[in-house]
Amino acid sequence: MTAGRAASAISGTAGVARRPGGRNARIRAQVLEAARELLVERGFDALSVDAVAERAAVHRTTVYRRWRDVGGLLADVLDAAGDDGWQPPDTGTLEGDLVAVNGEVEDGLTGEPVTAALIVASFRSSQAAEALQRFWEERYARCAVVVERAVARGEVPEGTCARRVIVAATAPVYQQVLLLRGGADPLLARQAAAGVALAASRGSFVDDEGPGVDDER
């Protein structure tokens, strides 16, 4: 996946970190790229290990031995997406940070067809679903720093739950693009971020049952 920073904010398409070379690394890169391409072109139901092997110019037994099936391929695609150094933007304010994160999520969902295709595939493959959950859990954990910075600046009270802030801010973008299929709506993304930042400043996301920032990671 090459959606870069725009897709790296929880959207499932983070840029893959460069790893040391070697035959195994090259084969993995070829196979995963082929899997991504064919998933977009043909959809989950028409995706097969044999087709991926042919597209990647790799012997089918090599693919079967390492990934076993389509579920294994898609799980590795998602796991590879997490091997990057992405961090949420630091704009100096909570609202600015949430607006920036929402912009990246929106760009990733609308600019790279593979993002939505992987999310759809996760409903058909338990392996892909587990890998997608791992990816999102890790992404939300990285985004906790947005709220930690806001607490340190005095923008939001101690005990503000980072996970709930990020989920509340980004959820309208996923709803608009994936569920309603309405395409990008930058105004909605900005309004959602601003509304959540305002609510957080008033203590709406304080976890009364215990610390919210640290416990969410």
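**Ground rules.** I number residues from 1 along each chain as its sequence is written, and side-chain values use heavy atoms, with hydrogens and water left out. Because the model is predicted, local features need pLDDT of at least 70 and side-chain atom pairs count only at pLDDT 80 or more, while totals for chains, interfaces and linings use all residues.

**Entry 1: H3 and H4.** I looked up helix H3 (residues 49–56) and helix H4 (residues 60–67). Helices here are DSSP runs (H or I, at least four residues), numbered from the N terminus. The axes of H3 and H4 come within 9 Å and cross at roughly 125 degrees. Axes are lines fitted to C-alpha atoms over the stretch in contact, with angles from 0 to 180 degrees between N-to-C directions. H3 and H4 are therefore oblique to each other; under 35 degrees would be roughly parallel, over 145 roughly antiparallel, 65 to 115 roughly perpendicular, and the rest is oblique.

Which residues of H3 and H4 make the contact? I found Val49, Asp50 and Ala53 on H3, and Arg60, Val63 and Tyr64 on H4. Contact means heavy atoms within 4.5 Å. By class, I noted four nonpolar, no polar and two charged residues. Ala, Val, Leu, Ile, Met, Phe, Trp, Tyr, Cys and Pro count as nonpolar, Asp, Glu, Lys and Arg as charged, and the others as polar.

**Entry 2: H5.** Next I checked the length of helix H5 (residues 70–81). At 1.5 Å a residue, its twelve residues should span 16 Å, and the end C-alpha atoms are 17 Å apart, which agrees. The expected span is 1.5 Å times one less than the number of residues.

Is H5 mostly covered or uncovered? It is mostly covered, with eleven of its twelve residues buried. Buried means under 20% relative accessible area (1.4 Å probe, protein chains only). Among the buried residues are Leu73, Leu74 and Asp76. The buried residues of H5 pack against helix H2 (23–42), H3, H4, helix H7 (113–121) and helix H8 (126–153).

**Entry 3: H8 and its arginine.** I found arginine 149 in helix H8. Arginine 149 counts as buried because its relative accessibility is 17%. Leaving out residues up to four places away in sequence, arginine 149 touches Pro88, Pro89, Asp90 and Asp97.

H8 also meets helix H9 (residues 162–179), with axes that come within 9 Å and cross at roughly 110 degrees. H8 and H9 are therefore roughly perpendicular to each other. The H8 side of the contact includes Trp136 and Tyr140, and the H9 side includes Ile166 and Tyr174. This contact has eleven nonpolar, one polar and two charged residues.

Terms used
Helix = DSSP H or I, 4+ residues; strand = E, 2+ residues; numbered from the N terminus. Buried < 20%, exposed > 50% of the residue type's maximum accessible area, 1.4 Å probe, protein only.
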